[in-house]
Amino acid sequence: MTHSPHTAPQATSRGRRNWPARLAAMALMAATQLTWAVNDLPGGPSVLQTDLPPPATKIAAAQQDLHVMMLWICGVIFVGVFGVMFYSVFAHRKSKGAKPASFHESTTVEIIWTVIPFLIVIGMALPATKVVVAQKDTTNADLTIKATGYQWKWGYDYLNGPGQGISVISTLDASQRALSDAGTPQGDNYLLKVDEPLVVPVGKKVRIITTANDVIHSFMVPAFGIKQDAIPGFVRDTWFRAEKTGDFYGQCAELCGKEHAYMPIHVRVLPEDEYLAWADARLKAQAAKADDPNKVWELDALVARGQKVYDANCAACHQASGKGGGAIKALDASPVVLDADKTKQIMVLLNGQNNIMPAWRQLSDTEIAAVITFTKNQWSNKTGQIVQPADVLAARK
Amino acid sequence: MSAVLDHGGHAHDDHAHDHPHGWRRWVYATNHKDIGTLYLLFSFTMLLIGGVLALGIRAELFQPGLQFVNPELFNQLTTMHGIIMVFGAIMPAFVGMANWMIPLQIGASDMAFARMNNFSFWLMIPAALLLVSSFFMPGGAPAAGWTLYAPLTLQMGPSMDAGIFAMHILGASSIMGSINIVVTILNMRAPGMTLMKMPMFVWTWLITAYLLIAVIPVLAGAITMTLTDRHFGTSFFNPAGGGDPIMYQHIFWFFGHPEVYIMILPAFGIVSQIVPAFARKPLFGYHSMVYATASIAILSFIVWAHHMFATGMPVTGQLFFMYATMLISVPTGVKVFNWVATMWKGSMTFETPMLWAVGFIFVFTMGGFTGLICSMAPIDTQIQDTYYVVAHFHYVLVAGSLYALYAGVYYWAPKWSGVMIPEWKGKIHFWGSLITFNVTFFPMHFLGLAGMPRRYADYPMQFADFNMVASIGAFGFGLMQVFFLFVVLIPMMRGKGEPAPQKPWEGAEGLEWEVPSPAPFHTYETPPKLDATATRVIG
């Protein structure tokens, strides 16, 4: 493993100094106020929610039924066992003159209380089996979407069905991360707000194929009753059929590095006609926006484009300052970035490096060219070099 | 422990001339009682360190938004809290109890391999230093979670290698400790102490030691493969080279699930000794307790993938692991029924050890119920990797293992130290811990059902209220352990308190109560002659 010779990441300054005062202020808050200025988020979490969310699919409803059944079973056993125990605790006390009995075994009793739990377990397993089988049946989907976990965003590719060909990258809204850093959260959809949601039609069977680009992530939408790990190098699948329209939220559920808490999932369920209209418009817009990899760019335009790509993809690790930190290498004054041989940096972006830097093949040729050009001309890097999309296209082969 | 720490002041001393004094007594220790003391003090130190890390987590989660730590440091806190508590606090604490009590309970003069015993303790010190110092290494401490899932481990800095090295050392220590315990129990029992007359604590440790010998090498394999993936170009788990990250999880949990029982079976043993002592009535169903322990241990090898329902196993895999997991609840339930039946029509008193034992049964069983709920794969789809799981395993590891450890400490401390712990101290510690524990962890069930993922440095605002309650509870729970340190432990080690009689608990039975309090440096140097029940020395 390579690692840059930096010190341990320190709690970065903003908002984290003067913590004794903060602690006092927070204690005061706790004493005066136990609820925040926040409302339930339909399709997402509710304030003081104590149960599974309202189900939006049959599977989620079945899971909730199982959970209610389990609470009843456990509740009855709880009352039975601890009723006996606490009766004994109060009645069979030495201080009340209780004399100890001397029995210490009874084969009959022991067989009974082994067999009964065994039967209860079978009674629990049968309904659960049905739901497991239903959950795993991903056949006959109306729409197939590949969800790819990236550090730290989701990519959605519509592979099959209406909307085939749509590609969406869904990132946490930048304002949310800043609010988190500042310690000033606000809004009912705090940390759940994304730039572009996953859009699906209501009442259709949607198969989600998961995979990942770097480490394991997990695609979770509680209202749909789905959670499927997204595993690099492998594909897995799950499915849902939303019964109602609206917005539904989830978050990445497998530890995936420092921004684990900042890659939410937002699914928008539309009526079928609206979905078809959206898909049509999205495909047209996508075609219009597509860059011609053979276009020759001016330096300034490419740097400006690269700045956007950098902010959206690179700044989370390499920092806006390009200084990196910890195991993350600095781009500012980096020998690879400054190198006159442009292919070196192109290869790092296409293939990743040392398992720390992920591969960024999913970006377009123009985006990769732009961001490399940007880093070659930003901070103290004033190389004047320009990488054209055609260079990237050539390197891909 | 005072009598162990200062010597010479007691009439029935101690062969003080034939063992080293001062620091040499501890560094060169070969006496099982000294090594037991070292283990217990070490594990309590690690408990406090792990607790400070936990309070760092809870301070950050007190409110939404980032206040104290950044997400990098937050992940380091959760990771190291888990590793330190599992490998540094809970496991060594049970080994410490085993060292102190097993030779006393089976009438042996010491552990079978006295020098290896010394080595297995002192190996833990460099490992602990490596773990704690990893926070100051470049890139900070490991931050991939205590489960160290690939390929996230490939992204970690050099502290990951330090962590792997430390876990190897701890593993070696555990294996040596286990072999020592197995050999001691099988070879060094006093004549008449047949296997089926052994105290439950000895039985549970015998089974636990076999589990450790079976699975620690599996962990060693998993982390060695991680190491070679990181440095030597192998691709066991690295998908970029054709490796399989899910294989890591299978290997890890093949270790990890028996590990859960390694941390709870000795707890069952402690509780199975304390409940009869304070109910003044023999343990109900001793034989079935032994068989239930063995069944739990065997079943623990075939349930590992219930930690992995969300990875997307085939339907038959999910069903198999769901059924097998549910099955484990049967022998576990039998144990609870046996404890309750032991209490039934007893003549109970509630001194501190009994309070912790009854508290254990009550709160651990709640962890058992949530375990049953987690075992159901469709429900697990909702709660896997959420705070529900965090609540569940703290109910079994804190309210289970830690409560049983405290029960054992209060039960046997008079034998160790020669002084009684005043009841009011133990009662404050117990009730304070019981209440704050539930304030901390009960709301986490709600957070998990509502969908709050674990290992999150920041969370949507709807989760704020229960997080605040949990954080307040956590600081209270931490405070109760500081109370234990200053008000219970240190005065006891200084020898303050009423002198303890040889058998301080009226209903207690077993060979440990056949030697004076504090236990002399050497006990049972010649094999004692036992009565028919193997609980009394008759010559």
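1. In this predicted model, α10(B) passes α13(B) in a left-handed crossing. Helix α10 of chain B covers residues 265–279, and the axes of α10(B) and α13(B) lie 9 Å apart at an angle of about 120 degrees, which makes α10(B) oblique to α13(B). On the side of α10(B) the contact is made by B:Val271, B:Ile274, B:Val275 and B:Phe278, and on the side of α13(B) by B:Pro353, B:Met354, B:Ala357, B:Phe360 and B:Ile361. By class, this contact has 9 nonpolar residues, with no polar and no charged ones.

2. From α4(B) the contact draws on B:Met80, B:Ile83, B:Ile84, B:Gly88 and B:Pro92, while α6(B) supplies B:Met124, B:Ala128 and B:Leu131. These residues divide into 7 nonpolar, 1 polar and no charged.

3. Turning to the interface between the chains, 98 residues of chain B are in contact with 106 residues of chain A. By class, the side of chain B that touches chain A has 62 nonpolar, 27 polar and 9 charged residues.

4. Chain A is divided into domain 1 (50–86 + 106–137), domain 2 (143–289) and domain 3 (299–396). Between domain 2 and domain 3 of chain A the C-alpha centres lie 26 Å apart, and the contact takes 7 residues from domain 2 and 5 residues from domain 3. On the side of domain 2 of chain A that touches domain 3 of chain A, the residues divide into 1 nonpolar, 4 polar and 2 charged.

5. Chain A also has an open sheet of 3 strands, in the order β4-β10-β9 and with mixed pairing. Its edge strands are β4 (198–201) and β9 (246–251), each of which pairs on one side only, and the twist averages 25 degrees from one strand to the next. Strands β9(A) and β10(A), the latter being residues 264–270, run antiparallel and are joined by 6 bridges; A:Asp247 stands opposite A:Arg268 in β10(A). Helix α5 of chain A (residues 272–289) lies across β4 and β10 of chain A, and runs at about 135 degrees to β4(A).

6. The last point concerns helix α10 (residues 365–376) and helix α11 (residues 389–396) of chain A, whose axes come within 8 Å and cross at roughly 115 degrees. The crossing of α10(A) and α11(A) is right-handed. In this contact A:Asp365, A:Thr366, A:Ile368 and A:Ala369 in α10(A) meet A:Pro389, A:Asp391, A:Val392 and A:Leu393 in α11(A), and the residues of the contact divide into 5 nonpolar, 1 polar and 2 charged.

Note on methods. Residues are numbered from 1 along each chain as its sequence is written. Chains are lettered from A and ligands numbered from 1 in the order in which they are written. This is a predicted model: local features need pLDDT of at least 70, side-chain atom pairs count only at pLDDT 80 or more; totals for chains, interfaces and linings use all residues. Two residues are in contact if their C-beta atoms, placed from the backbone, lie within 7 Å. Ala, Val, Leu, Ile, Met, Phe, Trp, Tyr, Cys and Pro count as nonpolar, Asp, Glu, Lys and Arg as charged, and the others, Gly among them, as polar. Axes are lines fitted to C-alpha atoms, for helices over the stretch in contact, and angles run from 0 to 180 degrees between N-to-C directions. Helices (H or I, at least four residues) and strands (E, at least two) are DSSP runs, numbered from the N terminus. A crossing is left-handed if the near helix is turned anticlockwise from the far one by less than a right angle, and right-handed if clockwise. Domain bounds come from an automatic or database domain assignment. Two strands pair if DSSP finds at least two bridges between them. Angles under 35 degrees count as roughly parallel, over 145 as roughly antiparallel, 65 to 115 as roughly perpendicular and the rest as oblique.
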